[in-house]
Amino acid sequence: MLSRLDRWFHITARGSTIPREIIAGLTVFGAMAYIVAVNPAILSAAGLDRHDMVMTTIAGAVAGTLLMALWARLPIALAPAMSSNVLFAQVVVQQAHVSPRTAFTVVLFSGLCFTALSLSQIRQRIIRGFPPSIVLGIQIALGAFIARIGLTTGGIAVPSPEGLTFGSLSNPSVLLSMAGVVLSAILVVLRVPAGLLIAILAITLAGLFIQTPSGPITHLPAQLLDWPHYPTNLFLPFDFHEYFSHLGLLVPITLYFLLSDFFDATATMMSVAHRAGLDGTVEKPALDHRAFGSDGAASIIGASLGTCTVSAYVESLTGVEAGGRTGLSALVVAVLFALSSVFWPLITAIPAIATAPVLILVGLNMLGSLSRVAETPAEAIPPLTMLLIAGVTGNFMLSLSCGLLIYTALAIATRQFQRLTPIVLGLDAAFVFYMILQAHMGA
């Protein structure tokens, strides 16, 4: 059986081992298990039952990750997207005043378009058409983005009128988070096996004994188990009549979902594949129709199961840093999500600050690509702009939009018109349209 696993997932061929893949899967799950609690909390604002949303969140994550693991065989985990759930609850339901069933229909049509683009050659051509400086910008901007998530969820950086400021050193949570960063760094430098996973577990256990005004940092649930019950009323929860009755309102929102999820997921998958050394070749890229088809189909499956868009998670990078190189690590994540349908109360006890230091370390490792930034201003300004915007604002999509538009403006200013390929100009148009939609919706 082990030899079959090796052949199916190309474990030895990619320089990995089965134990390493299992540890990588455990690390990824530890880094993204928060979605089991956070996604239902956000979607409940749309009038949906929170417990039902726990089950549909798990179902979407299992289905999407299994597709990526068994078909594409890549170390990429999927789950309901954080950007999508906020749009679903706040923009579509609360601001546009449409029913949750119509909102699921928006997600469905976005997913259908997403899948059509994924199964065609368009998505691969877009990836090959990204200028090298923008590809580098994606790497370092995602590094800044994921590090920023770690800093804010760990309480090390907190909002203030001036933007972000350092957290209070009198707060035990901040001190534990900082200690977690030091511990994670030591384990990474010493190359301790499963170091990132050990850091998550150590911080979670320490949180049981560190008190805050609201109690211990790590809160144990009242019950450790909860028998799973899938809400059948949320299977295929679509309202096509209301959708087609409000096309003028809902088509722009559908396009916004499409553009946001398409480029966000594409950039994440590019970054994970690059960090894993799975870039492939032009003739045989690692990100082929199977990878994109899995990602696209997951978005349709998510809507059909009663949750928001299921997409590739940037936390997959934690598994790559732990040594994951194949779909076996993603399979481990899918199995753990399936088990969480029973153990989800216990899993939600993992505090945000337990995973925050891991995200910070992963982001810092990705920022190592800064050494490849060119010295010429025309090549350096676009990726550094992307880094700055993603790190300061936490909006990766806008950082990508601004970086590419600046790239185009500099190419025109220096009369290097050969750099303005049809793909680049098409991406410019798409990102301008995206920015107009975002301004219109106030998102």
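How many helices and strands does the secondary structure of the protein come to? Color the cartoon by secondary structure and you can count 19 helices and six strands. Keep in mind as you look around that this is a predicted model.

**The whole chain.** Zoom out first. Along the principal axes, the C-alpha atoms fill a box of roughly 60 × 55 × 55 Å. Of contacts between residues at least 6 apart in sequence, 81% join residues at least 24 apart.

**The inside.** Hide the surface: 54% of the 443 residues count as buried. Now select Phe 88, Phe 263, Leu 287 and Leu 400, which touch the most other members of the largest nonpolar core, a set of 90 residues. Next, select helix α12, residues 247-275, which gives this core its largest share, 14 residues. Then center on Leu 287. Beyond its neighbours within four places in sequence, Leu 287 is in contact with Leu 74, Gln 124, Ile 127, Met 269, Met 270, Ala 273 and Phe 292. For a second, separate core of 20 residues, pick Ala 33, Val 36, Ala 77 and Ala 79, which are among its members.

Select Leu 220, Leu 224, Leu 225, Val 335, Leu 339, Phe 343 and Leu 346 to see a nonpolar surface patch of about 630 Å². Finish on Leu 224, in the loop between β5 (215-216) and α11 (240-245). Leu 224 is partly exposed, with a relative accessible area of 45%.

Note on methods:
Residues are numbered from 1 along each chain as its sequence is written. This is a predicted model: local features need pLDDT of at least 70, side-chain atom pairs count only at pLDDT 80 or more; totals for chains, interfaces and linings use all residues. Side-chain values use heavy atoms; hydrogens and water are left out. Patches are made of residues with over 30% relative accessible area and no salt bridge: like charges are joined within 9 Å, nonpolar side chains (Val, Leu, Ile, Met, Phe, Trp, Tyr) within 5 Å. Accessible areas come from the Shrake-Rupley method with a 1.4 Å probe; for residues, only the protein chains shown count as cover. A salt bridge is a side-chain nitrogen of Lys or Arg within 4 Å of a carboxyl oxygen of Asp or Glu. Helices (H or I, at least four residues) and strands (E, at least two) are DSSP runs, numbered from the N terminus. Buried means under 20% relative accessible area, exposed over 50%, partly exposed in between (1.4 Å probe, protein chains only). Contact means heavy atoms within 4.5 Å. A nonpolar core is a set of buried Ala, Val, Leu, Ile, Met, Phe, Trp, Tyr and Cys residues joined through side-chain atoms within 4.5 Å.
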